[in-house]
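Work through the exercises below with the model open. Try each task before reading its solution.

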Amino acid sequence: MKKWKFVIVLLIILWLAAIITSNYIKENNKPSFQDNNIALIPISGEITSFGDSSLPFSASGASSEILVDLIKKANDDGSIKGIILEINSPGGTVVASKEIADAVKQSKKPVVAWIRELGASGAYWVASSSNWIISDPMSITGSIGVIGSYLEFEKLMQKYGITYEQLTTGKYKDTGSPFRALTNEERNLLQGKLNIIHDYFVTDVAKNRNLTKEQVDQLATGIFYLGVEAKDLGLVDGLGGKKEAEEKIKELTGLKTINLVSYQRKKSFFESLAGLSAYNSYFIGKGIGEGIIAKASDSKNLIPTV
């Protein structure tokens with residue numbers, strides 16, 4: 001019994017430590033008063049609008065709340081002359097992706113997006129908002145499209161004699177419930193909303209990349225491109241890795257040498273321990289993420305992702 005009490009107390013202490021250490025940090029190996037500092041901001045994992053989670057064993061992914069704040073801090077820091085976004089993300093929710101993309105466009109300092117292994121969908125939307133995109137030749141890039149999906153259990157319920165009854169005050173209030181199939185009218189209604197989001201996504205990428213909407217429309221099939229293909233299609237500006245990203249930010253800032261300053265949120269103990277990865281729930285080129293249903297009975301939880 002004493003042993004279990006000790007384990008419980010230890011877990012509580014570790015949880016509290018995780019909450020305390022889950023904060024923002026600015027790291028660099030040299031003094032911050034240097035005049036050649038470049039902020040290196042990682043965008044890794046699923047993009048969401050959720051803030052920093054204090055729950056143990058929860059993967060925070062790439063929070064728009066945190067990333068927008070980091071971009072703002074880099075802009076407000078007089079010692080920072082430019083920003084490199086280190087992108088390794090399959091995308092995420094529409095609003096979160098847009099929030100980060102908007103923050104990148106509003107940056108007063110040059111921004112280079114460096115796509116390492118994965119810069120798809122919402123993550124590509126963010127990259128397209130930068131001044132220059134460097135992509136590894138074999139990286140997964142693009143996947144311009146929108147998805148809104150959910151599981152539907154109506155036939156399974158019928159098999160076991162389970163019935164579904166929903167009382168609502170609006171005709172479409174339970175649209176998207178997994179306990180019944182969509183009607184054709186509801187399906188067309190939801191598809192229309194996805195089309196609006198898709199059009200906004202395409203239009204913004206076209207503007208960011210100095211391409212026509214028709215050009216991006218032809219590429220916006222949801223398919224992903226390898227970095228070398230994306231370069232030929234005009235979706236990225238150059239091929240390479242960290243070295244090429246550093247050379248480009250030097251060019252854009254006029255600096256001969258640079259000092260990279262890591263701008264990121266310190267991982268909590270539980271995130272590091274679990275080695276969690278947002279990629280586990282994603283498939284390549286699936287769009288800006290996965291449709292989420294938090295409450296099965298409420299259609300507002302069918303969240304489109306890019």
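**Exercise 1. A surface patch**

Which residues form a nonpolar patch on the surface, and what is their accessible area together?

Solution. Start with the conventions. This is a predicted model, in which local features need pLDDT of at least 70, side-chain atom pairs count only at pLDDT 80 or more, and totals for chains, interfaces and linings use all residues. Residues are numbered from 1 along each chain as its sequence is written, and side-chain values use heavy atoms, with hydrogens and water left out.

Step 1. Apply the patch rule: members have over 30% relative accessible area and no salt bridge, like charges are joined within 9 Å, and nonpolar side chains (Val, Leu, Ile, Met, Phe, Trp, Tyr) within 5 Å. Areas come from the Shrake-Rupley method with a 1.4 Å probe, and for residues only the protein chains shown count as cover.

Step 2. Name the members. They are M138, V228 and L239, with about 250 Å² of accessible area together.

Step 3. Helices (H or I, at least four residues) and strands (E, at least two) are DSSP runs, numbered from the N terminus.

Step 4. Classify M138. Buried means under 20% relative accessible area, exposed over 50%, and partly exposed in between (1.4 Å probe, protein chains only). M138 has 56%, so it is exposed.

**Exercise 2. A helix pair**

Describe how helices α2 and α3 pack.

Solution. Two packed helices are described by the angle between their axes and the distance between the axes.

Step 1. Take the geometry. Helix α2 (residues 64–76) and helix α3 (residues 94–105) pack at about 5°, with axes 9 Å apart. Axes are lines fitted to C-alpha atoms, for helices over the stretch in contact, and angles run from 0 to 180 degrees between N-to-C directions.

Step 2. Name the arrangement. The angle makes α2 roughly parallel to α3. The classes are roughly parallel under 35 degrees, roughly antiparallel over 145, roughly perpendicular from 65 to 115, and oblique for the rest.

Step 3. List the contact residues. From α2 come S64, L67, V68 and I71; from α3 come A96, E99, I100, A103 and V104. Contact means heavy atoms within 4.5 Å.

Step 4. Look at N75, also in helix α2. Its relative accessible area is 11%, so N75 is buried. Beyond residues up to four places away in sequence, N75 touches I83, S107, K108 and K109.

**Exercise 3. Charged pairs**

How many salt bridges does the structure hold?

Solution. Side chains of opposite charge can pair when their charged atoms come close. The criterion is a side-chain nitrogen of Lys or Arg within 4 Å of a carboxyl oxygen of Asp or Glu. The structure holds ten salt bridges.

Step 1. Take K72 and D76. Their closest N and O atoms are 2.8 Å apart. Both residues lie in helix α2, four residues apart, about one turn of the helix. D76 is partly exposed, at 49%.

Step 2. Take K213 and D199. Here the closest N and O atoms are 2.7 Å apart. The pair links distant parts of the chain, with K213 in helix α7 and D199 in helix α6, 14 residues apart. K213 is partly exposed at 28%, and D199 is partly exposed at 37%.

Step 3. Take D237 and R209. Their side chains meet at 2.9 Å, N to O. This pair also joins distant parts of the chain: D237 is in the loop between α8 and β10 (238–239), R209 is in the loop between α6 and α7, and 28 residues separate them. D237 is partly exposed at 22%, whereas R209 is buried at 12%.

Step 4. Check for shared partners. Salt bridges that share partners join D199, K213 and D217 into one network.

**Exercise 4. A loop residue**

Is I144 buried or exposed? Which residues does I144 contact?

Solution. Step 1. Locate I144: it is in the loop between β8 and α5 (154–159).

Step 1. Read its accessibility. The relative accessible area is 1%, so I144 is buried.

Step 2. Collect its contacts outside four places in sequence. Among them are Y124, H198, F201, V202, V205 and L235.

Step 3. Compare sequence and space. I144 and S121 are 23 residues apart in sequence and 5.0 Å apart in space, C-alpha to C-alpha.
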